[in-house]
Amino acid sequence: MSQKFQELINSERPVLIDFFATWCGPCKVQSSVLTTVKENIGTDARIVKIDIDQFPAIAAEYGVRGVPTLAVFKNGQMLWKESGVHDVNTLTNLLKQYS
């Protein structure tokens, strides 16, 4: 997964990574928000979910200490990272800013 993850974040278009856990209540809320964000941004950016229990090494590598944590990558660089639930407008505007 790590090699695939590297290829993913090296994209020319922004990639929003949702670090989540299946047992996390706020993560479920964030997931429904991201569905709407995806509709808003279309093909301008990608949204990828990473289960921290399945991929703990990736979560550790990027300093994920709590879930949900969202991070935006472009060309292999982390441009933004924050924990907690974020609203549709904030995330849509964030991704448009980087695309």
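A residue is called buried when its relative accessible area is under 20%, exposed when it is over 50%, and partly exposed in between, with a 1.4 Å probe and protein chains only. The model is a predicted one, in which local features need pLDDT of at least 70 and side-chain atom pairs count only at pLDDT 80 or more, while totals for chains, interfaces and linings use all residues. Residues are numbered from 1 along each chain as its sequence is written, and side-chain values use heavy atoms, with hydrogens and water left out.

1. The disulfide. Taking a disulfide as a pair of cysteine sulfur atoms within 2.5 Å, a search of the whole structure finds one. This link joins Cys24 to Cys27, with an S to S distance of 2.3 Å, and both cysteines are buried. The link between Cys24 and Cys27 is right-handed, with 85 degrees about the S-S bond.

2. The salt bridge. A salt bridge here is a side-chain nitrogen of Lys or Arg within 4 Å of a carboxyl oxygen of Asp or Glu, and by this rule the count comes to one. It is formed by the side chains of Asp18 and Lys49, at 3.0 Å from N to O. The pair links distant parts of the chain, since Asp18 lies in strand β1 and Lys49 in strand β2, 31 residues apart; strands (E, at least two residues) and helices (H or I, at least four) are DSSP runs, numbered from the N terminus. Asp18 is buried, with a relative accessible area of 0%, whereas Lys49 counts as partly exposed at 39% relative accessibility.

3. What does lie 2.9 Å from a polar atom of the side chain of Asp51? It is the backbone nitrogen of Asp53. Leaving aside its neighbours within four places in sequence, Asp51 is in contact (heavy atoms within 4.5 Å) with Phe20, Ala21 and Thr22.

4. The nonpolar cores. A nonpolar core is a set of buried Ala, Val, Leu, Ile, Met, Phe, Trp, Tyr and Cys residues joined through side-chain atoms within 4.5 Å. The largest has 20 residues, and those with the most contacts inside it are Phe5, Ile17, Phe19, Ile52, Tyr62 and Phe73. At least two residues of this core come from each of α1 (2-9), β1 (15-20), β2, α3 (56-61) and β3 (69-74), and β1 gives the most, with four residues. Apart from this core lies another, of 13 residues, among them Leu34, Ile41, Leu70 and Trp80. In soluble globular proteins, nonpolar side chains tend to be buried together. Beyond its neighbours within four places in sequence, Ile17 is in contact with Phe5, Leu8, Ile9, Val48, Ile50, Thr69, Leu70, Ala71 and Phe73.

5. Backbone points to inspect. Most residues other than glycine have a negative phi, and most peptide bonds are trans. The peptide bond from Val67 to Pro68 is cis, with omega near -5 degrees, and Pro68 is found in the loop between α3 and β3. Asn75, in the loop between β3 and β4 (77-83), has a positive phi near 55 degrees, and Asn75 is partly exposed, with a relative accessible area of 39%.

6. The C-alpha atoms of Gln30 and Thr43, 13 residues apart along the chain, are separated by 20 Å. Ala57, in helix α3, counts as exposed at 58% relative accessibility, and the C-alpha atoms of Ala57 and Glu7, 50 residues apart along the chain, are separated by 16 Å.

Terms used: A polar contact is a pair of N or O atoms within 3.5 Å; within protein, one must be able to donate a hydrogen and the other to accept it, and residues adjacent in sequence count only if both atoms are side-chain atoms.
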